[in-house]
Amino acid sequence: MEEIRAKAIELLRSGEVKCFIGYERASDGLTARPFFAYSADDAGRLIFDRTCAHNLARYLPDMRGQRVAILVKPCDSRSVNVLIQEGQVNREEVYVVGVVCDGVYKASWGQPSQELEARCLYCSRRVPVVYDHLIGQPPASEPQTPASIPEVEALERRSAKERWEFWRSHFARCIRCNACRQICPACYCPQCFSDQLDPLWTGIRIGLPQNWVWNVGRALHLAGRCADCGGCERACPMGIPLAALNRKLAGRVKELFGFEAGLDPRAPFPFATFKKEEVL
Amino acid sequence: MKFISDKNLRKWLESLMGIGSLIAPMDLGPGLTLFSQIRDPGDVNLEYETTPIPPKDLFFPSSEALFRFSPSRGYEIPEIDGEAFLLGIRPCDALGIRLMDFPFLSEPADPRYERRRRRTTLIGLGCIKARPECFCTSFGIGPFDASNADAFLIPVKGGFLAEARTEKGAKALAAAELEEASIPIPKPPEVPSIDVGAVREVALSLFNSPYWERLADRCLSCKLCAYVCPSCYCFDIRDYPIRDGAERIRSWDSCQSPLFSRQASGYDPRQTKASRLRNRFYHKFSYFPGEFGAFGCTGCGRCVRYCPVNIDVREVLLAILRGEAKVA
Ligand code: SF4
Ligand code: SF4
Ligand code: SF4
Ligand code: SF4
Ligand code: SF4
């Protein structure tokens, strides 16, 4: 924590960056929230601990044209790469402060917890994939990636009809608040397909068929781009298990194209490249 | 006050279900309770902690067809069902409904809202525990405030103290086997209060403060805070083709959405996150009181709890009141 504050003060004092995007304690006194430090004084409010779950990369496109510093965990660092790769963020404008991460806790507002978030249980990285300065001691070796994700496997074992029912009951509850979209670092389109009225994609109606198009469309647009930061699922007020969809799709993209989001900012995108020998 | 024992509660709920539909808090999954249509009285959870969606959607559904028209069937207005009992609503949510009445029942009244409001009996429920985000006492109510309900229940050992506040409420309670209450009214939990009296005047001087931009750094411009708010009532209306005709749909909308204030010309007077976020607070604490004489907030704390990045209305109120949001 002290190291992060010191780095922030150094970057802000020297004028190297205008703003340091990190975390501060949330108003419940337990969890964390994003924090934008503009001065050395502000930097005193920065924290980092296992409640710092947000993926701050989401804020980078808002800051275009200014030099900023950002604190990233390994999963968040992949989103930074996705943004660079997709031309949304200029690498020169961002000073990336990476933190070695042992996982974050599943805390929700006002409720302390020491249980790791699901994604952290099978995360295979402790060290961010991109950084200009690293905080923390990297482990001797990175942990093994588990062969499969239990929650995805459990869904795959169900019949098609059961899976349909499962998602039907969840999507029926969606209120289309778009928090899942707005918190996602990979959702930056100036106009989302779901807001498109001419031609019409989903319309303003909040109901199962429209929600279905929205929720499935969102997940598909993130295949090969989602860094599994869990932001969407954490933000959803209706408890919809969006991460299961993201994880399934990320798995398929890896199987089919050997591609994982955000590992290499120069790698060509599976969905933006075409090879003649590719067949469906 | 009367007393309904736990044993008689089920019978009462069954008889209410015989008269009309019963809407009450029901558990739908871990940590998720929502006001739902009850089929089995055993599903009612009167010890619930919170519902992400307030019961406003019973009167102002998240989405509904106002009417349909087609060459073959002509013009149709979807029916609104008969009598309904909304059971277990907290004092803050009951206040929320009263606040919704201002825009929806002012002349000319919204006919669909008005029908639903007229057919529904509100059966309130006292809070025996305050959540960390509660600040309802700032708005003249409190954990045992019954003033916006037709009937009111206070949980006590072995059952509920019950009181009718209106004729509708008396009718609903008449379906219960009531006993004379021998249990005294318990002490309500303490709920912190913010003295919001001066907020309207102070806020007006802070319109151009950079405070809003700093606060908006964090905001995601999602619509969640409005959708979970018991007093937010914005909507959008559009016509859509259906098989052999068209229908006019009304759905929730929010001033936080970048599309909300875009005009037909393409111009948007609220282009930045900061101007949208500021509108949310000004509408609740300045424009709404100017129009209707009441604050547009109930202190339910839902926006505090559910905002994915913890934009806390209590902090905003205090910042305004303390002048922290001063124009630099
Ligand atoms: S956050 Fe949840 S409720 Fe909101 S639009 Fe996304 S899936 Fe639907
Ligand atoms: S889809 Fe969800 S988990 Fe994936 S990057 Fe976006 S917010 Fe994170
Ligand atoms: S205040 Fe919170 S809930 Fe509201 S728009 Fe901003 S991020 Fe979303
Ligand atoms: S503004 Fe927040 S605290 Fe006030 S009524 Fe709406 S959701 Fe509740
Ligand atoms: S705060 Fe915004 S969404 Fe809520 S009622 Fe006011 S203008 Fe509408």
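The legends below describe close-up views of a predicted model. Residues are numbered from 1 along each chain as its sequence is written, and local features need pLDDT of at least 70. Side-chain values use heavy atoms, with hydrogens and water left out.

**View 1. The largest nonpolar core.** This core, a set of buried Ala, Val, Leu, Ile, Met, Phe, Trp, Tyr and Cys residues joined through side-chain atoms within 4.5 Å, has 158 residues, and those with the most contacts inside it are A:Phe20, A:Ile21, B:Trp12 and B:Leu87. Buried here means under 20% relative accessible area, with a 1.4 Å probe and protein chains only. Helix H2 (residues 91–105) of chain B gives the most to this core, with 7 residues.

**View 2. Helix H8 (residues 208–221) of chain A.** Helices are DSSP runs (H or I) of at least four residues, numbered from the N terminus. The end C-alpha atoms of H8(A) are 19 Å apart, which agrees with the 20 Å that its 14 residues should span at 1.5 Å a residue, the expected span being 1.5 Å times one less than the number of residues. Among its buried residues are A:Trp212, A:Trp214 and A:Arg218.

**View 3. The hairpin of E11(B) and E12(B).** Strands (E, at least two residues) E11 (residues 235–242) and E12 (residues 245–252) of chain B pair in the antiparallel sense over 8 bridges, where pairing requires that DSSP finds at least two bridges. B:Phe235 stands opposite B:Trp252 in E12(B), while 2 residues lie between the strands and B:Asp244 in the turn has a positive phi of about 55 degrees.

How values were computed:
Chains are lettered from A and ligands numbered from 1 in the order in which they are written. This is a predicted model: local features need pLDDT of at least 70, side-chain atom pairs count only at pLDDT 80 or more; totals for chains, interfaces and linings use all residues. Buried means under 20% relative accessible area, exposed over 50%, partly exposed in between (1.4 Å probe, protein chains only).
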